[in-house]
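This briefing goes through one protein model by topic. Keep the sequence and the structure in view while reading.

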Amino acid sequence: MCGIAGFLETGCRSGNRELQDIVLGMTNRLRHRGPDDVGTWTDAETGIALGHRRLSILDLSPEGHQPMRSACGRYVISFNGEIYNFRALRAELESFGYTFRGHSDTEVMLSCISHWGILSALKRFNGMFAFALWDRQERRLHLVRDRMGEKPLYYGWLGRTFVFGSELKALRAHPDFSQAIDHEALRQFVVNNYVPAPYSIYRGISKVLPASLLTLGWGQAGASPKITPYWSLDRAAEEGLAEPFAGSDDEAVEYLDGLLRDAVKLRMESDVPLGAFLSGGIDSSTIVALMQAQSSRPVRTFTIGFHETGYNEAKEAMAVARHLDTAHTELYVTSEEALAVIPRLPTLYDEPFSDQSQIPTYLVSELARRDVTVALSGDGGDELFGGYGRYFFVEKV
């Protein structure tokens, strides 16, 4: 998890030093997202400022430092996320004659964009990401979010300055920020238990939509950015229904197993210690089993337990850990310890959302961080495979 922040001054009133001071102030609000390194890049002529906080996962050397310029010099990127298929993309680019200084996925992304253009490159990326890309030749700012919106990215106008960042607290650090609470977003929260995209809790500040490319040209003060979808979940579902899997049930199970194994293997690419959250449920247990099957050493697994029987899944998690022979760590917390997290929530999250799992998620993350830098989880499994009964309740009109 890294953090990105920045802005584009359409009035171009600041020098490089002032631009750097402002973007550094925004970026420092994201230190918790990237404690390993900090970087800024500015151009006073165009008023662009990019900032980055780095959590080093791939290429721990200075060659992975961001913001990063492309080899051709045209693009500068501040990137949060991971491109899981970057090695395959790198090999393809090397066949075209490209060479690389380091071995980060960020450098590969820049070469992909330089070679194929941003839209074609996005369709090749397999990953979770949010990034800001400045095109020095066209003087255009691009903001991009991954297909399912796993990585956050906010944006909006503060007068004649266009700001963006991984979290709202970075935008609040800009000296021109004075946005009030958006009452429509508040209504959406009451209805949905969270603030859905493109809304944010602040008036005039929006979320980049999943699977979208947002583009703003230089000098377009107050203009609405152009939004270009580069992938559609609806279209993917329609294509699947039009051409369903033709094999038997056993062949479908085998095919799904291969897809899951490949997906887990790609996410285990890391230059730092890696582990997994284990709840004992089907989703996280499946992820850990596939990790362990493809690892040469015991996978580090982590579980939070509660003394209240109705909320405790630690026993099931321990049984799975023993069966898979993982290096397991569990921590039982009291109700008082869980309640002590609540006052910290406003500093951890920028917007209200009604998910009680945010408390154990924080606790298990804090536990895992003592030993690993990256942790896989089963989040999203229930949504993808219909793990909740409510997905089968259809209202009859």
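Buried means under 20% relative accessible area, exposed means over 50%, and partly exposed is in between (1.4 Å probe, protein chains only). At 41% relative accessibility, Asn-193 therefore counts as partly exposed. The model is predicted: local features need pLDDT of at least 70, side-chain atom pairs count only at pLDDT 80 or more, and totals for chains, interfaces and linings use all residues. Residues are numbered from 1 along each chain as its sequence is written, and side-chain values use heavy atoms, with hydrogens and water left out. Helices (H or I, at least four residues) and strands (E, at least two) are DSSP runs, numbered from the N terminus.

- Six strands form an open sheet in the order 2-3-1-9-8-10, with antiparallel pairing; two strands pair if DSSP finds at least two bridges between them.
- Strand 2 (37–43) and strand 10 (205–207) are the edge strands, and each pairs on one side only.
- On average, neighbouring strands of this sheet are turned by 15 degrees against each other, direction ignored.
- Axes are lines fitted to C-alpha atoms, for helices over the stretch in contact, and angles run from 0 to 180 degrees between N-to-C directions.
- Strands of a sheet pair through backbone hydrogen bonds, either parallel or antiparallel.
- Strand 1 (residues 3–9) and strand 9 (residues 161–165) are antiparallel and share five bridges.
- Across this pairing, Phe-7 stands opposite Val-163 in strand 9, and the bridge partner of Leu-8 in strand 9 is Phe-162.
- Strand 1 is also joined to strand 3 by six bridges, again antiparallel, with Gly-51 in strand 3 as the bridge partner of Ala-5.
- Seven of the seven residues of strand 1 are buried, so strand 1 is largely enclosed by the rest of the structure.
- In a regular strand the side chains alternate between the two faces of the sheet.
- From strand 1, Gly-3, Ala-5, Phe-7 and Glu-9 point one way, while Ile-4, Gly-6 and Leu-8 point the other way.
- Helix 1 (residues 16–28) lies across strand 1, strand 2, strand 3 (48–54) and strand 9, and runs at about 145 degrees to strand 2.

- An open sheet of six strands has the order 4-5-6-7-11-12, and its pairing is antiparallel.
- Its edge strands are strand 4 and strand 12 (226–229), each of which pairs on one side only.
- Strand 6 and strand 7 run antiparallel and are joined by six bridges, and Leu-133 stands opposite His-142 in strand 7.
- Helix 3 (residues 105–116) packs on this sheet and touches strand 4, strand 5 (75–83) and strand 6; its direction makes about 125 degrees with that of strand 5.

**Helix 8 and helix 9**

- Helix 8 (residues 249–267) and helix 9 (residues 282–293) pack at an angle of about 75 degrees, with their axes 9 Å apart.
- The two helices are therefore roughly perpendicular to each other; angles under 35 degrees count as roughly parallel, over 145 as roughly antiparallel, 65 to 115 as roughly perpendicular and the rest as oblique.
- Asp-257, Leu-260, Arg-261 and Val-264 in helix 8 meet Ile-287, Leu-290, Met-291 and Ala-293 in helix 9, where contact means heavy atoms within 4.5 Å.
- Helix 9 has twelve residues, and Ser-284, Ile-287 and Leu-290 are among those that are buried.
- The buried residues of helix 9 pack against helix 8, strand 13 (274–277), strand 14 (300–306), helix 10 (314–324) and strand 16 (374–376).

**Backbone exceptions**

- Most residues other than glycine have a negative phi, and most peptide bonds are trans.
- The peptide bond from Gln-66 to Pro-67 is cis, with omega near -5 degrees, and Pro-67 lies in the loop between strand 3 and strand 4 (68–69).
- A cis peptide bond also runs from Ala-197 to Pro-198, with omega near 10 degrees.
- Pro-198 lies in the loop between helix 6 (183–192) and strand 10, and Asn-193 is found in the loop between helix 6 and strand 10.
- Asn-193 is not a glycine but has a positive phi of about 70 degrees.
- Arg-139, likewise not a glycine, has a positive phi of about 55 degrees.
- Arg-139 lies in the loop between strand 6 (127–135) and strand 7 (140–145) and is partly exposed, with a relative accessible area of 27%.

Conventions. The expected span of a helix is 1.5 Å times one less than its number of residues.
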